[in-house]
Amino acid sequence: MPRLPLLSPLAEGTSRMVCSISAGMVGACMTGIGLLRVSIAVSKSQTIADDLLAVDAVLFLIATLCAYFSLRVDSEARLHHLERTADVFFILAMVLLTAVCFIITYMTL
């Protein structure tokens with residue numbers, strides 16, 4: 001029975017998907033920050049949601065860069081590392097984005 005390699009890289013399509021979706025989500029975070037800043041200015045109240053969206057945009061940016069560089073490297077070990085890093089940051093950013101959605105929904109403005 002043939003042995004599977006220990007470090008099997010993800011499909012190239014996965015890196016392309018993470019790269020494009022994460023790049024779009026950075027824009028979504030920027031839009032959310034802008035809308036929250038307008039809401040804060042009108043209601044004269046503060047929220048942590050815009051700060052968390054800024055952190056979220058950075059996480060999505062890291063996922064985008066890792067996915068992009070995973071498509072450009074020649075070393076299989078580096079490819080594996082960058083793909084996994086992109087996946088981890090993408091999942092962390094999605095979880096944080098969901099948490100921010102709850103904060104926005106249930107905060108008092």
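At what angle do helix H2 and helix H3 pack, and how far apart are their axes? In this predicted model, local features need pLDDT of at least 70 and side-chain atom pairs count only at pLDDT 80 or more, while totals for chains, interfaces and linings use all residues. Residues are numbered from 1 along each chain as its sequence is written, and side-chain values use heavy atoms, with hydrogens and water left out.

Helix H2 (residues 49-70) packs against helix H3 (residues 76-106) at about 160°, the axes lying 8 Å apart. H2 is therefore roughly antiparallel to H3 (angles over 145 degrees count as such). The crossing of H2 past H3 is left-handed, that is, the near helix is turned anticlockwise from the far one by less than a right angle. Sorted by class, this contact has 24 nonpolar, two polar and two charged residues.

Turning to the aromatic side chains, three aromatic pairs are found in the whole structure (ring centres within 6.5 Å; planes over 60 degrees apart count as edge-to-face). Phe60 and Phe90 form an edge-to-face pair, because their ring centres are 6.0 Å apart and their planes stand at 70°. Tyr68 is partly exposed at 37%, and Phe69 is partly exposed at 42%.

As for the cysteines, zero disulfides are counted (sulfur atoms within 2.5 Å). For Cys29, the nearest cysteine sulfur belongs to Cys101, 9.1 Å away. Cys29 is buried at 1% relative accessibility, and Cys66 is buried at 11%.

How values were computed. Axes are lines fitted to C-alpha atoms, for helices over the stretch in contact, and angles run from 0 to 180 degrees between N-to-C directions. Helices (H or I, at least four residues) and strands (E, at least two) are DSSP runs, numbered from the N terminus. Angles under 35 degrees count as roughly parallel, over 145 as roughly antiparallel, 65 to 115 as roughly perpendicular and the rest as oblique. Ala, Val, Leu, Ile, Met, Phe, Trp, Tyr, Cys and Pro count as nonpolar, Asp, Glu, Lys and Arg as charged, and the others, Gly among them, as polar. Buried means under 20% relative accessible area, exposed over 50%, partly exposed in between (1.4 Å probe, protein chains only). Rings of Phe, Tyr and Trp (its six-membered ring) pair if their centres lie within 6.5 Å; planes under 30 degrees apart count as stacked, over 60 as edge-to-face and the rest as tilted.
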